[in-house]
Amino acid sequence: MTFSLPPESFRTLRPEPRGRAPRPWDVATTIVLLVLLPLLALGASYAGVVLAYAAHVCGTQACDAGLMNLGFWIAVIAPWVILLIGVVVAIVRLVRHRLAFWVPLVAIVSMVAVWFIAAALVGAGVSAS
């Protein structure tokens with residue numbers, strides 16, 4: 001028993017999808033940024049610890065300690081969470097041969113933005129009366 005296809009049916013068949021070729025510049029850039037990312041997370045956490053010194057003002061005026069604590073812990077912990085997410089997403093994208101250099105860049109911008117948000121929370125806690 002033979003199963004043959006008529007000649008016109010070959011026009012509807014699609015070729016096998018080819019894998020994407022790895023981009024050496026993307027891999028190198030991503031690895032360099034991923035190596036620098038923990039250093040930035042460490043610096044951001046240290047800068048978050050420095051935010052605790054804002055509590056010295058609270059001896060002379062009333063402060064919202066809960067809001068200040070929230071800002072402090074966000075500034076200390078969030079960079080490491082962002083680091084973990086950035087590393088995992090970048091590695092997955094590298095393995096799938098997709099552009100990945102932008103993932104650590106987004107993580108860096110996110111760390112800086114989260115630190116400023118946390119500093120604003122600490123500042124709002126200090127100025128609360």
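**Talking through the model**

Modeller: Let's start with H97, which is partly exposed, with a relative accessible area of 32%. Partly exposed is the class between buried (under 20% relative accessible area) and exposed (over 50%), with a 1.4 Å probe and protein chains only. This is a predicted model, so local features need pLDDT of at least 70 and side-chain atom pairs 80 or more, while totals for chains, interfaces and linings use all residues. Residues are numbered from 1 along each chain as its sequence is written, and side-chain values use heavy atoms, without hydrogens or water.

Colleague: What is the phi of H97, and where does the residue lie?

Modeller: Most residues other than glycine have a negative phi. H97 isn't a glycine, yet its phi is positive, near 60 degrees. As for where, it comes just after helix 2, in the loop between helix 2 and helix 3.

Colleague: Which pattern does the protein follow along the sequence?

Modeller: Helices here are DSSP runs of H or I with at least four residues, strands are runs of E with at least two, and numbering goes from the N terminus. On that basis the secondary structure comes to 3 helices and 0 strands. Read along the sequence, the pattern is α-α-α.

Colleague: How far apart are the end C-alpha atoms of helix 2?

Modeller: The expected span is 1.5 Å times one less than the number of residues. With 31 residues, helix 2 should span 45 Å. The model agrees, because its end C-alpha atoms are separated by 45 Å.

Colleague: Which residues form the nonpolar surface patch?

Modeller: A patch takes residues with over 30% relative accessible area and no salt bridge, joining like charges within 9 Å and nonpolar side chains (Val, Leu, Ile, Met, Phe, Trp, Tyr) within 5 Å. A salt bridge is a side-chain nitrogen of Lys or Arg within 4 Å of a carboxyl oxygen of Asp or Glu, and areas come from Shrake-Rupley with a 1.4 Å probe, only the protein chains shown counting as cover for residues. One member, V81, sits in helix 2 and is partly exposed at 43%. Together the patch has about 460 Å² of accessible area, and its residues are W73, I77, V81, I85 and V89.

Colleague: What do the buried residues of helix 2 pack against?

Modeller: Among the buried residues of helix 2 are F72, V76, P79, I82 and L83. What they pack against is helix 1 (24–50) and helix 3 (102–127).

Colleague: Which residues does S45 touch, leaving out those up to four places away in sequence?

Modeller: S45 lies in helix 1 and counts as buried, because its relative accessibility is 7%. Contact means heavy atoms within 4.5 Å. With sequence neighbours left out, S45 touches A75, V76, P79 and W80.

Colleague: And L34, which residues is it in contact with beyond four places in sequence?

Modeller: L34 is also found in helix 1, and it is buried at 14%. Its C-alpha is 9.0 Å from that of F101, 67 residues away along the chain. Its contacts are G86, V87, A90 and P104.

Colleague: How far is the C-alpha of V122 from that of A54?

Modeller: V122 lies in helix 3 and is buried, at 4% relative accessibility. It touches L51, A54, M68, G71 and F72, not counting residues up to four places away. Although V122 and A54 are 68 residues apart along the chain, their C-alpha atoms are separated by 7.5 Å.
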